[in-house]
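Student: I am new to this structure and would like a close look at one part of it. Could you take me slowly through the salt bridges?

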Amino acid sequence: MSETQRRLTTIFSADVQDYTRLMGLDEEGTLATLKRYREAMSGLIATHGGRVVNTWGDGLIAEFPSVVEAVRAAVDVQTELAGFNSAKPASEQMLFRIGINLGDIIVEGADIYGDGVNIAARLQASAPAGGIVISNTVYDQVRNKVPVGFDFLGPLSVKNVSEAIPSYAIRIGESHQAQAVAQAAPSGAPAAAARPDQRPTASPSRARKLLGIFAIAAAFFALINALTWEGNLWAVWPILVLAFAAAMTIARLQNRVDQQLAGLAIIGLGLIAINLLSWSGTFWAIWPLMAFAAVGAIRWVMRG
């Protein structure tokens, strides 16, 4: 007899949207596509340290020792499968829905059971085609560690679980945002709560544009200063303001670093720059910097 154990793990649940319809169109072709997609999914799960627990019909259950790696695996899966689907007509695309939960499970041999698994399956059922929905337990662990956006979907009711589970849709790209909110939000729930972590992330191209605009404006002020030179390098002040505005904008649009901590760091650097550019023999910036350091330390300890 296999020994029954309990443990905390990350459960990854996936199935195919409209699988019955696809089978009705072409059974053999759909089964061949499902096999190909599952092989790709299993490979990515293994790459991220996960284990496929079971497959049935069009569904798949896996578990991960790392919450972060589970989310990364899900993002990689949806990205790779989107590439597979791009060559197919819309009516023939096989789109998976993925749900991820961090919870306590019962282990019997190679199988897993319990509310943790049921919640992952419910999250998966609420996900849009090609999308990912996670529980609040997952969100709390990955929100500052994975470079994706999040949309709060509100509490999700789960059969035989007394309390509703707060859920989040992962925004892999801008095209997923509207679909995730429209299709996955429970009835009567807010489409997206106003939380700092749910602001759009800054794409590399957008950051480059902001830096390009800053560089052009800075060069413009420097050129005017040089052409009207009277012994005063006044252009440094508007350039400093532009640099501060660009840095704060990029800080608000990213999710890799806590946005409030990033803002404090930028303000601190700005004060140091002002102190040095207006140097009169006193390093007065040390006092606000100490206050910012204290606030940042409290924020770091209390975050999550």
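Tutor: The structure holds seven salt bridges, a salt bridge being a side-chain nitrogen of Lys or Arg within 4 Å of a carboxyl oxygen of Asp or Glu. One of them joins the side chains of Asp 104 and Arg 6, at 2.7 Å from N to O. Asp 104 lies in strand 4 (residues 96-108) and Arg 6 in strand 1 (residues 4-16), so this pair ties together parts that are 98 residues apart in sequence; strands (E, at least two residues) and helices (H or I, at least four) are DSSP runs, numbered from the N terminus. This is a predicted model, in which local features need pLDDT of at least 70 and side-chain atom pairs count only at pLDDT 80 or more, while totals for chains, interfaces and linings use all residues. Residues are numbered from 1 along each chain as its sequence is written, and side-chain values use heavy atoms, with hydrogens and water left out.

The side chains of Asp 151 and Arg 171 also meet in a salt bridge, at 3.0 Å from N to O. Asp 151 belongs to strand 7 (residues 149-156) and Arg 171 to strand 8 (residues 165-171), so the pair ties together parts that are 20 residues apart in sequence. Asp 151 is buried, with a relative accessible area of 2%, and Arg 171 counts as buried at 4%, where buried means under 20% relative accessible area, exposed over 50% and partly exposed in between (1.4 Å probe, protein chains only). Salt bridges that share partners join Arg 7, Arg 51 and Glu 63 into one network.
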